[in-house]
Amino acid sequence: MASRPPRNASPSSRDQSAADTPRARSRLATALRTTTCGDLTAADVGQRVALTGWVGHRRDYGKLVFIDLRDRYGLTQVVVDPERSPESAAAHAVATEARLEYVLRVEGVVAKRLPGKENPHLKTGEIEVEAQHIEVLNAAKTTPFPIADHVTADESLRLKYRYLDLRRESIRGNVVLRHRAVKFIRDFLDERGFIEVETPILTKSTPEGARDYLVPSRLYPGEFYALPQAPQQFKQLLMVAGIDRYFQIARCFRDEDLRADRQPEFTQLDVEMSFIAEEDVMGLIEQLLIELISATTAKRIQQVPFPRISFAEAMAKYGIDRPDIRFELPLVELGELARLGTFGVFSSALDRGGVVKGLRVPGLATATRKELDELTELAKALGAKGLVTLALLPEGPKSPLTKYTTPEELGRIVAHLGGQTGDLLLFVADSAKVANDVLSRLRGRMGERLGLIDTDVLALCWVVDFPLLEVIEEAGKTRYHATHNPFSGMRPGEEPLLATDPLKVTARQYDIICNGYEIGGGSIRINVADLQHRVFELLGLSEEQIVEQFGHMLEAFGFGAPPHGGIALGIDRLVMLLAGAETIRDVIPFAKMQNGQDPMMGAPSPVTEEQLRELHLRTHMPEKPQA
C-alpha cells in the first residue's frame, strides 16, 4: 500500500505533546492523554493529540500499520507510516511488535480518513490519528477469550476473567447504563425532598422471608451479626424519627437459591415516606420509571398510566402474580363446563377441589404430533400429570375429548375459550397451583413461539389487593405466613378479621411488574404497636421471640409512629430490562455464578484454623455418603 503524503507532521514526545491544544483542556485530560478514544471528530483535524488505550484490532500492511485503539469512551483508528519522519519510523517499529490488548500511549496528528474509508457507525469514524510516537505502557498475554461482543465463551470463564469481560462494549455499556440509572434516581428523589440515609450492614438476625448471612462476632463469643436482607426496620424507624422522605441505594443479602434474576447480594432502591397513602408511593414510582426509561433507553412503555391488576385477576388470567402483559393469551377456567361429557380426567380434578384451565393458542392447530408430545412432556416436567390438547382443524376438531363429549358439548367448551378454526387449545386439570404454574409457563413459551413479544417494549403494571396471609405447611404443621412481609398494613376496616378469618384480610401491598419480572414491591405499613403485635402472634411467634426480635420496633411505635409506607425496587433487574440483557449477571460488574460461587476470587473459600479460633468457631462438615 502506498504511503500517504505528510500532513502537518512534526515530531512530538511526552514532553512535547499537544498540551496547549483545545483537547488538552478536555475535562478528561490527564498527564498521559489529551483526550479519549471516543471524542475526536472532523472538527479536530490538524490538532496534535495524545491518546491512551488498549489495542482492539491491528492490521499490518507492511509499510502501513493500522491500530484500533480502544478505551472506555470509544475507539480511534491510528495509522503508522514509517516514512513520515524518524519519530514515526520508531513508532512503526513499536506498532509492528504490538499485539491485541497491549496498553499504548499514542501521540500524533488528527487527519481525515481517505474518501470511502469512513466508518459511519463510529463517532470517530471520519478521522484517524497519524502516529508520531507510540509507547507501550504494558504488554498483554493472549486473553482466554476474544474481547468482542459476539464472544461464545462459557459464562463461568467470562466471570473468572470478569475484568476482561468488562472490556467488551456490551458489558461495559451495561455498567455505564447502571451508573446513569442510579444517578437519575438520586437526582429525581433529591429534587422531591428525599434524604439519602445509609443504614447498617452489620445488624440483627430477624425472620424476613429468607435465610440470613451470619457474621460471627470475635468480641462476643457465640453471638452473630446478620447481613441485612433489606433495610426494612431501619427505614420504618427513620419515619418514627421524623425523616419523612428517605431513600437509599441499598446493598442487601439473602442466602437463598439462585436463578437468572437473583444473586446472593443485590442492590435495591429503598424508599419510605410518611403521612401518605398508596397513591402517593405508586404515583411517585410511576413517574420515576416513566422519566427514567425515557432518559436511559430507546425502549417504549406499553401503557401509561400503568394498568392496575388485582392479585385475584392476575392469578385467574395469567396464572402468576407477575404477569407479562406485552401480549394476550389469557388463561380461562372451565368451571362446571369441565363436567360436560364423560371425560374423567376433568371431572375427577374438580372432585378433588382442583380446577380445569385452558389456554387458546391462535394458529397452532397444525402442530405436529412430535410438537404436541414435547408440550406434554414440558407440562409434566413443570408438575402437571399431563396435558390435554384440542386442535381446531378445518375438517373438524382433533382431540382425546372427542371420544367423551358430544359435538354440542365440545362446542360449548371451545366457545368458552373463544376458539376459532386454526387454533390449538391446551388444558390442564389439577390443583389451582399446578394448573396456574404450568399454563403460565406454557403461555410464555407460546408467546415467544408466535412472535407476540415485542422486545423493544416495557409493559409495566401494578398488582394490588394481595391477601395479607397465606397458609403454609412446615415440618408437618400448617401455619400462617405473610405473603410479603410481616410489616404490611391491611385494608382499613378489616382489622377485626385477624381474629375471625385472617385469610380474608387484604394487604395494603403493591408490586410493580415489568415484562413478567417483579421489579419492586412495597406497602403501607402497620404503625400501631398493638396491631403489629397481633400480626406477629398470628405468624406463630412467641412473646419471647416478639420481644427479642422486634421489641425495639414496638417500643418505637409507642413514641408516636406516623402513618407511613414505601417500596423497594430491584436495581439489578431494572437495569437488566433497560439494557435488554438476558440475566442480571450481565449488569452486575462482578457477578457470581448461578450456583453462588465467585470463580474470579474463588469465594466462598475455607479460612484458617487461627481465624476460626479467633471467632470461637469450629466447622462440622457433613458426612460424605459411602460408596
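Residues are numbered from 1 along each chain as its sequence is written, and side-chain values use heavy atoms, with hydrogens and water left out. In this predicted model, local features need pLDDT of at least 70 and side-chain atom pairs count only at pLDDT 80 or more, while totals for chains, interfaces and linings use all residues.

Helix α9 comprises 13 residues, 369-381; helices (H or I, at least four residues) and strands (E, at least two) are DSSP runs, numbered from the N terminus. From first C-alpha to last, α9 reaches 18 Å, close to the 18 Å expected at 1.5 Å a residue, where the expected span is 1.5 Å times one less than the number of residues. Leu372, Leu375, Thr376, Leu378 and Ala379 are its buried residues (buried means under 20% relative accessible area, exposed over 50%, partly exposed in between, with a 1.4 Å probe and protein chains only). These buried residues line one face of the helix, because they fall within an arc of 160° when seen down the axis of α9; the arc is that of the directions from the helix axis to the C-beta atoms. The face turned away from the buried side carries the exposed residues Arg369, Lys370 and Ala381. The cover over the buried residues of α9 includes β15 (388-393), β17 (424-430) and α11 (432-449).

Asparagine 485 is situated in the loop between β21 (477-482) and α12 (497-500) and is buried, at a relative accessible area of 17%. A polar atom of its side chain lies 2.8 Å from the backbone nitrogen of phenylalanine 487, and the side chain of asparagine 485 also reaches the backbone nitrogen of serine 488 at 3.3 Å. Apart from neighbours within four places in sequence, asparagine 485 is in contact (heavy atoms within 4.5 Å) with Gln232 and Arg525.

Rings of Phe, Tyr and Trp (its six-membered ring) pair if their centres lie within 6.5 Å; planes under 30 degrees apart count as stacked, over 60 as edge-to-face and the rest as tilted. By this rule, the count is eleven aromatic pairs. One of these, phenylalanine 343 with tyrosine 404, is tilted, at 5.2 Å centre to centre and 45° between the planes. Its two residues are 61 residues apart; phenylalanine 343 is buried at 10% relative accessibility, whereas tyrosine 404 is partly exposed at 36%. The rings of tryptophan 462 and tyrosine 510 form an edge-to-face pair, with centres 6.2 Å apart and planes at 80°. This pair links strand β19 (residues 460-464) to strand β22 (residues 509-514).

Definitions and conventions
A polar contact is a pair of N or O atoms within 3.5 Å; within protein, one must be able to donate a hydrogen and the other to accept it, and residues adjacent in sequence count only if both atoms are side-chain atoms.
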